[in-house]
Amino acid sequence: TILCTTTTSAGQQPFLHIEIVNIKESSGQVVVALYKDKAEWLKKPFRQLIISTDAVSKKISFSVPYGAYAVTVYQDTNRNGELDSNFLGI
């Protein structure tokens, strides 16, 4: 489960706050990526963080300019840096 909120301060870029809850595994890592451009989705993230799975939930923040973003979150259990799928693409 992912919860997103934003905050702003006068004269500063807004922050996008993301809370990831119900992390099931304690192995691997969680990859959180922001995309600004539709053509670059799942290819070249605008911002990316890799976080450990040492807790059931994690909170992270990105400082980003105003705009629309796509957020992807996946758990990379084998730490190969890729979103693995089976022969059906799942």
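This is a predicted model: local features need pLDDT of at least 70, side-chain atom pairs count only at pLDDT 80 or more; totals for chains, interfaces and linings use all residues.

**Lys24 and its loop**

I started with Lys24, which counts as exposed because its relative accessibility is 72% (exposed is over 50% relative accessible area, buried under 20%, partly exposed in between, with a 1.4 Å probe and protein chains only). Lys24 sits in the loop between β2 and β3 (strands are DSSP E runs of at least two residues, helices H or I runs of at least four, numbered from the N terminus).

Numbering runs from 1 along each chain as its sequence is written, and side-chain values use heavy atoms, without hydrogens and water.

**The sheet**

I traced an open sheet of three strands, ordered β4-β3-β6 and paired antiparallel (strands pair if DSSP finds at least two bridges between them). The twist averages 15 degrees from one strand to the next (axes are lines fitted to C-alpha atoms, for helices over the stretch in contact; angles run from 0 to 180 degrees between N-to-C directions). Between β3 and β4 I get six bridges, and Val30 has Ile51 of β4 as its bridge partner.

**Gln29**

Buried or exposed, this Gln29? Gln29 is buried, since its relative accessible area is 13%. Gln29 belongs to strand β3. Its side chain makes a polar contact with that of Arg79 at 3.3 Å (N or O atoms within 3.5 Å, one able to donate a hydrogen and the other to accept it within protein; sequence-adjacent residues count only if both atoms are side-chain atoms).

**The core**

The largest nonpolar core has 11 residues, among them Ile20, Val30, Ile51 and Phe62 (buried Ala, Val, Leu, Ile, Met, Phe, Trp, Tyr and Cys joined through side-chain atoms within 4.5 Å). β2 (15–20), β3 (29–35) and β5 (58–63) each give two or more residues to this core.

**Salt bridge**

I found one salt bridge in the structure (a Lys or Arg side-chain nitrogen within 4 Å of an Asp or Glu carboxyl oxygen). Lys58 and Asp54 form it, with the closest N and O atoms 2.6 Å apart. Asp54 counts as exposed because its relative accessibility is 61%.
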